[in-house]
Amino acid sequence: MLNNRISSKLLLLFISLSMLTGVIARISTIMNNPIVKLWKEFFIIGLLCLAILVILPKIRIHTLFLFLAVCLTTVSLIYMNLDINLTVLFYQLKLDLILFLFIIAVYENLLTLEKDALENYIKKLFKIFILFTTINAIVIVLEHFFSAQFMAMLGFKDEQWGADTGIKIVSTDGVMRSPGLLTYFVPAGTLMLMAFIVTVETRKLFKMRRRLRLILLCLFTVSMVFTTYKTAIIGFIFYLTLKVIEFIFRKYAVVFSTFITIGCFIIFFISTHFMSIYYFVNKYSPSIAYNSILIRILQHHAILDSMETTKQVLFGVGMGLNGTFGLDKTAFNINPLPTDSTYIYLASNYGFLGVFVFLFIFIWVAVNLFKTPSFDVFGIRYIAIYTISIEFFYNNFISSFPTNIIAITMMVIPFVKGCHVKATEKKEKARKRELINTRAV
């Protein structure tokens, strides 16, 4: 029980710190300490180790199979990419394997909580999430109106990259794309979208004054716009559209939502592979057409054109050979191409087999969340279909820290709640059988 309480509290601490990742990144850059720079990796490994210690006395067979599958997959990936520099290879493994281990750590940690303890945990998570997203939203607004003072305070020059400073500052048309307390405007925009959705979806579960909730919704909307992250803004419109449909066509809401999700997926696929949508947008906004569409088309085609063999199409061109964030790969005589979307990131590193596996998992998660909306206390099902239909071709969910780990945590909770319900039903059936047997005797 002691380990159980420690691990659940550490998970809340980790999520809290994650929403201050820009502050931590800036401090670690100033200190130039490699241990501080790897704080989240050490934290996740620690959470996993605690989870293993807690479940070890009564470990389940499917947990053993999961660990075995992870080990075999990791060994297979290393074997298939032995021709790649080991530093590059293991850096790529660090990015992806650590995130997968986090999923296991969260699931096993939360599964050890009793039903009442899990409900209390959910309430604490909600309070922490709202507190830190509100702080981030206020900072985003301040950065927008006082961008020059913000840059001067940090001692930055225009458009400095996170690798050098800990925070990536980007401006467009003379307007800073506010990162809040995160490292970049992309996760900041996604975080504000998540905050808006969570605030709406939890209105019946968690009591909050209507005026305060309305103020928060306005704050999250304004701050989302100030990040200038267009994908999140499109996701915001996408979410509002689904809610209107649910209100008007309650009986057929899932059917309409499914068609809209598929439609968005097709449109965004076309926009990043063909020129038709680029030409259409270019008539009205040449800068958006160029920066948001044309560049992605060129990046995607550059990597897809490098897939010359069947093996490369199925398993990728090589783990870590592409991707310009983090490790400086030019030091290893590698000229990487950008992998700014989940789609091309997976295609490059793991081939179209990896793309289909990711989509299958996310679709399976989304379908199950929509089947049991009462378990989905945070409304994270909307983020799941947003990730599939809109963000998939325009942003890299896997590397978008901390929104990826927050979304994963909120997605795991409904499945843990489902396990609790099944366990209760199993106990109830066993009790009834025992009662029948007793009466028969």
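**Close-up views of a predicted model**

About 60 Å³ of space lies in the largest cavity of this predicted model.

**View 1. The largest cavity and its lining.** The structure contains one cavity of 30 Å³ or more. Three helices, α10 (185-201), α18 (381-389) and α19, each contribute at least two residues to the lining of the largest cavity. Sorted by class, this lining consists of five nonpolar, five polar and one charged residues.

**View 2. The cis peptide bond at Pro402.** Pro402 is placed in the loop between α18 and α19. The peptide bond that leads from Phe401 to Pro402 is cis, and its omega is near 10 degrees.

**View 3. The second largest pocket.** This pocket holds about 1,600 Å³ of space. It is lined by 46 residues, and those closest to its centre are Asp96, Phe100, Ile103, Val357 and Ile361. Helices α5 (61-80), α6 (86-111), α16 (310-315), α17 (342-371) and α19 (403-440) each supply at least two residues of the lining of the second largest pocket. The largest share, 12 residues, is provided by α17. In the lining of the second largest pocket, 32 residues are nonpolar, 10 are polar and four are charged.

**View 4. The packing of α5 and α6.** The axes of α5 and α6 come within 12 Å and cross at roughly 175 degrees. Angles over 145 degrees count as roughly antiparallel, and α5 and α6 are therefore roughly antiparallel to each other. On the side of α5, the contact is made by His62, Thr63, Leu66, Phe67, Val70, Thr74 and Ile78. On the side of α6, the residues in contact are Leu89, Phe90, Leu93, Leu97, Phe100, Leu101, Ile104, Tyr107 and Glu108. The contact of α5 with α6 comprises 12 nonpolar, three polar and one charged residues.

**View 5. The packing of α17 and α18.** The axes of α17 and α18 come within 9 Å, with a crossing angle of roughly 150 degrees. This pair is therefore also roughly antiparallel. The crossing of α17 and α18 is left-handed. From α17, the residues Phe358, Leu359, Phe362, Ile363, Ala366, Leu369 and Phe370 meet Arg381, Tyr382, Ala384, Ile385, Thr387 and Ile388 of α18. By class, the contact of α17 with α18 has 11 nonpolar residues, one polar residue and one charged residue.

**View 6. The oblique crossing of α7 and α11.** Helix α7 (residues 115-145) and helix α11 (residues 210-226) have axes that come within 9 Å and cross at roughly 50 degrees. The two helices are therefore oblique to each other. Their crossing is left-handed. Helix α7 brings Ile130, Thr133, Thr134, Ala137, Ile138, Ile140, Val141, His144 and Phe145 to the contact. Helix α11 brings Leu216, Leu219, Phe220, Val222, Ser223 and Phe226. Of the residues in the contact of α7 with α11, 11 are nonpolar, four are polar and none is charged.

View 7. Thr228 is found in the loop between α11 and α12 (230-248). Although Thr228 is not a glycine, its phi is positive, at about 60 degrees.

Methods
Residues are numbered from 1 along each chain as its sequence is written. This is a predicted model: local features need pLDDT of at least 70, side-chain atom pairs count only at pLDDT 80 or more; totals for chains, interfaces and linings use all residues. Side-chain values use heavy atoms; hydrogens and water are left out. Axes are lines fitted to C-alpha atoms, for helices over the stretch in contact, and angles run from 0 to 180 degrees between N-to-C directions. Helices (H or I, at least four residues) and strands (E, at least two) are DSSP runs, numbered from the N terminus. Angles under 35 degrees count as roughly parallel, over 145 as roughly antiparallel, 65 to 115 as roughly perpendicular and the rest as oblique. A crossing is left-handed if the near helix is turned anticlockwise from the far one by less than a right angle, and right-handed if clockwise. Contact means heavy atoms within 4.5 Å. Ala, Val, Leu, Ile, Met, Phe, Trp, Tyr, Cys and Pro count as nonpolar, Asp, Glu, Lys and Arg as charged, and the others, Gly among them, as polar. On a 1 Å grid over the protein atoms alone, a cavity is a set of points where a 1.4 Å probe fits but cannot get out, and a pocket is an open set with protein on both sides within 12 Å along at least five of seven lines; lining residues have an atom within 4 Å of a point. Grid points are joined across faces, edges and corners, and a volume is the space filled by probe spheres set on the points.
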